[in-house]
Amino acid sequence: MIAAGTAATALATATACSGTASSRGANGPLVFGISADATQLLPWTATAVQSQQVLGQVYSSLLDLDSELVPVDGLAELPAVSKDGLSYTFTLKSGVTFTDGSALDSTDVKYSIDKILSPGTKAVARTSLSAVQRVTAPDARHVVIKLRAPDASLLTALTGVNTAILPSGTSLDRLKSKPVGSGPYAFENRTPNQSITLVRNADYFRGKPGLGSLEFRVIQDDASMVSALRSGTVDMAIFDNSVTAKSAKSADVTVHTVDQLDYHALQLRADSSTFRNKDVRLAVQCAIDREQVVKTAALGQGDVAGPITSPAYASDPAARPCPARDLNAAKKHLADAGKPKGFTFTAIVPQGLYSSAANEAQNIQAQLADAGITMKIETLDSSAYVDRWLAGTFDAAIALNGAGADPATTYTRYFTSGGNFNKVAGYHSASLDKLFTEGIATTDPAARKAVYQKISRELEDQAAWIWLYTGRSYIAANTRVNGFQPIADADLQSLWETKVA
């Protein structure tokens with residue numbers, strides 16, 4: 001992240017361009033405040049929430065999720081599925097174009113899925129689509145996806161920005177700096193560490209977007225973001241701190257609270273020399289009072305959680321060794337690990353990706369000290385943190401990870417032997433590989449829930465990570481903003497319909 005001290009400069013520079021709400025017309029731009037620069041502009045590899053927020057307005061995917069997290073039509077209608085569950089035929093909507101004017105057809109869909117599946121792309125969703133055997137494009141409007149085995153998570157995996165459809169005729173290197181999508185807004189320009197400007201895509205396949213332009217403005221400091229909202233230089237922002245959100249309220253600013261599926265965790269890399277011993281990991285788990293973390297870091301506005309937060313398959317947060325803090329158990333695990341006097345490790349902590357990270361780290365540091373465990377804190381700006389995290393070059397990390405409606409799309413990338421993010425997690429097993437395969441192939445919801453409960457239990461029993469809690473998001477908007485529909489996880493899918501008075 002950029003140091004908070006530079007936030008005022010970025011704000012002042014950007015404000016000079018866009019002015020206050022009263023000086024901007026009803027056609028925009030709507031100014032959306034983000035806490036970190038959106039540096040990842042290729043949707044297939046975007047992991048930072050700020051990049052996903054921007055790219056979600058630029059790109060479209062085959063399918064979308066409704067407010068209940070159920071897959072619905074996107075660029076294509078819901079598919080026809082063969083009786084054996086191995087063939088999905090998608091019909092694309094007619095007349096869809098990219099913002100460069102080129103037609104979006106089945107060739108682009110096949111190209112996109114093939115590239116996501118290519119290991120060289122390093123796509124976030126590669127493991128989520130690993131059941132795909134081949135993709136064919138029999139004609140311009142039809143795409144057929146053949147699977148190796150039935151996959152109940154496929155439709156969910158085809159939603160969202162990480163499986164966006166890109167133009168096959170444009171090089172990825174170019175798209176990394178100037179995105180070209182089929183979403184409601186077209187990429188206009190980016191001023192690093194200050195702002196990204198999008199303009200209306202008049203040919204958007206769902207209809208006319210509500211704004212002529214949309215600006216994502218980088219303001220790293222929460223206090224500066226609040227001031228910008230209250231003064232009208234920013235129209236919308238999302239907070240994860242209830243006190244900050246409350247301070248943003250005024251006669252001109254309203255705040256909506258929504259639950260998060262995303263989970264806060266202390267990630268322990270089980271294949272590192274520090275955490276290879278299970279008893280060492282369990283000692284850390286038993287020494288942490290998760291309720292205390294919620295009270296300290298989230299000001300009580302959160303819920304203790306286990307690994308799976310998907311509503312239909314949610315883990316029981318008490319189904320783990322030491323569901324409550326137990327220092328005696330922690331010390332016994334240390335003794336069993338041959339470390340009766342404790343040990344020292346370093347956790348990387350992001351600055352700016354989300355506001356509670358530092359408080360989580362400091363609270364956990366203090367709690368672990370009671371068990372004789374020393375946790376050093378290495379604070380990194382957002383870009384450096386993401387780079388280290390993706391490379392798996394850390395022993396532990398304070399993290400806020402995205403989760404979705406289906407546990408398979410959330411976790412196969414981390415905790416299977418072939419998962420493209422397994423080096424981030426550092427843990428896999430033959431039993432987990434088997435269970436994830438079973439969960440993907442099972443279509444009965446009750447049977448799937450039983451499988452995911454077993455997965456959750458192994459992850460907890462092994463203390464692969466220390467799952468802490470799910471929090472709240474607070475969507476602040478100027479009263480002149482109309483039409484935005486807040487949903488779980490503060491998704492911005494309705495932003496295209498939003499207008500300003």
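Contact, as I use it here, means heavy atoms within 4.5 Å.

I am working from a predicted model, where local features need pLDDT of at least 70, side-chain atom pairs count only at pLDDT 80 or more, and totals for chains, interfaces and linings use all residues. Residues are numbered from 1 along each chain as its sequence is written, and side-chain values use heavy atoms, with hydrogens and water left out.

**Disulfide.** I looked for disulfides (a pair of cysteine sulfur atoms within 2.5 Å) and found one in the structure. C286 and C322 make it, with their sulfurs 2.0 Å apart. I get a torsion of about 80° about the S-S bond of C286 and C322, so the disulfide is right-handed. C286 sits in helix α8 (residues 278-286) and C322 in the loop between β13 (303-304) and α10 (327-336), so the pair ties together parts 36 residues apart in sequence. My helices (H or I, at least four residues) and strands (E, at least two) are DSSP runs, numbered from the N terminus. Both C286 and C322 are buried; for me buried means under 20% relative accessible area, exposed over 50%, partly exposed in between (1.4 Å probe, protein chains only).

**Helix α10.** Which residues of α10 are buried? I listed A329, A330, H333 and L334. Down the axis of α10 these buried residues fall within an arc of 145° (taken from the directions from the helix axis to the C-beta atoms), so they line one face of the helix. N328 and K332, on the other side of α10, are exposed. I checked what covers the buried residues of α10, and α8 is included. At the start of α10, a side-chain oxygen of D326 comes to within 3.2 Å of the backbone nitrogen of N328.

**Cores.** I call a nonpolar core a set of buried Ala, Val, Leu, Ile, Met, Phe, Trp, Tyr and Cys residues joined through side-chain atoms within 4.5 Å. The largest has 76 residues, and L266, V284, Y414 and F415 touch the most other members. Leaving aside neighbours within four places in sequence, I find Y414 in contact with residues including Y263, W389, F421 and W465. There is a second, separate core of 65 residues, with L42, A131, L158 and A164 among them.

**Record check.** UniProt (unreviewed entry) lists residues 71-422 as "domain: Solute-binding protein family"; such annotations may be inferred rather than shown by experiment. Over residues 71-422 I get 28% helix and 25% strand, with the end C-alpha atoms 27 Å apart.

Notes: Polar contact = N/O pair within 3.5 Å; in protein donor to acceptor, adjacent residues only side chain to side chain.
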